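Please keep the sequence and the model in view while reading.

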Amino acid sequence: IPSDAALEWTVDRARRTRLSVEVLTVVNTDRLFLDEVVEPLMLAGEQVLHHAGDRLREVLDESSFRTYLATGSPAREILYAADGRDLVVVGTGNATRRPVFHHASMAIRIASTSQADVVVVPAGSDEQVAAPHVVVGVQGNGEDWPTIDIAVREARLLGASLELVHSWEQPSASWIAAVSSVDLAPYAAEKEHLFDGIVAQTRDLNP
């Protein structure tokens with residue numbers, strides 16, 4: 001399940017580096033009004049936290065993590081708990097089924113709103129990779145360096161290679177037909193030159 005994916009990612013990270021972890025489980029009571037419905041959900045939440053504690057004890061001292069249960073809107077409570085934290089780790093099941101574009105997942109809502117860095121871990125992503133590598137998308141608009149820095153740290157931590165990707169969309173066929181005299185080669189060359197510069201600077205800063 002998605003929460004297990006986030007937990008196992010955190011356990012693996014704790015094996016690699018020193019961490020202080022807070023585990024939050026939220027019982028969504030926004031639409032629940034009957035105590036006989038809420039109580040079983042609270043008990044299930046406690047069981048989730050108990051399992052998380054057992055897994056974290058394998059890699060962390062008792063003083064390095066804590067678990068707690070909250071009620072309300074899951075996204076809201078996670079964002080509230082994330083205030084002032086370095087990293088938020090959430091699981092998602094959306095990556096394992098057909099995307100629903102008209103309804104953003106909770107993970108997407110958190111990632112687009114949180115002030116902290118967010119890791120979204122897809123369920124079923126625990127397979128071992130023979131040659132790990134980290135991929136970072138580069139926009140080339142001058143705002144890429146915080147993202148590249150995170151990718152570099154991740155690659156170092158995993159002992160992985162780093163792959164930078166820049167994608168740009170060619171004009172549509174109808175637009176090209178309308179302005180057939182326009183030479184796209186200089187535009188493509190400009191993009192290539194910009195990207196080469198970012199790659200070179202990344203190498204210089206991270207030999």
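Two residues are said to be in contact when heavy atoms of theirs lie within 4.5 Å. The model described here is a predicted one.

## Overall architecture

The secondary structure of the chain amounts to seven helices and six strands, which follow one another along the sequence in the pattern α-β-α-β-α-β-α-β-β-α-β-α-α. Of the 207 residues in the chain, 29% count as buried. Among the contacts between residues at least 6 apart in sequence, 75% join residues that are at least 24 apart.

## Helix 3 against helix 4

Helix 3 (residues 74-82) and helix 4 (residues 106-113) have axes that come within 10 Å and cross at roughly 35°, and this crossing is right-handed. On the helix 3 side the contact is formed by P74, A75, I78 and L79, which meet M106, R109, I110 and T113 of helix 4. Sorted by class, the residues in this contact are six nonpolar, one polar and one charged.

## The two sides of helix 7

Helix 7, which covers residues 185-205, has 21 residues and reaches 30 Å from its first C-alpha to its last, close to the 30 Å expected at 1.5 Å a residue. Its buried residues are F195, I198, V199 and T202; seen down the axis of helix 7, they fall within an arc of 95°, and therefore line one face of the helix. An α-helix has 3.6 residues a turn, so residues three or four places apart point the same way.

The buried residues of helix 7 pack against helix 5 (145-158) and strand 6 (161-165), whereas E190, H193 and D204, on the other side of helix 7, are exposed.

Note on methods
Residues numbered from 1 in each chain as written. Predicted model: local features only at pLDDT ≥ 70, side-chain atom pairs only at ≥ 80, totals over all residues. Heavy atoms only, no water. Helix = DSSP H or I, 4+ residues; strand = E, 2+ residues; numbered from the N terminus. Expected span 1.5 Å × (residues − 1). Buried < 20%, exposed > 50% of the residue type's maximum accessible area, 1.4 Å probe, protein only. Arc of directions from axis to C-beta. Axes fitted to C-alpha atoms, helices over the stretch in contact; angles between N-to-C directions. Left-handed = near helix turned anticlockwise from the far one by under 90°. Nonpolar A, V, L, I, M, F, W, Y, C, P; charged D, E, K, R; others polar.
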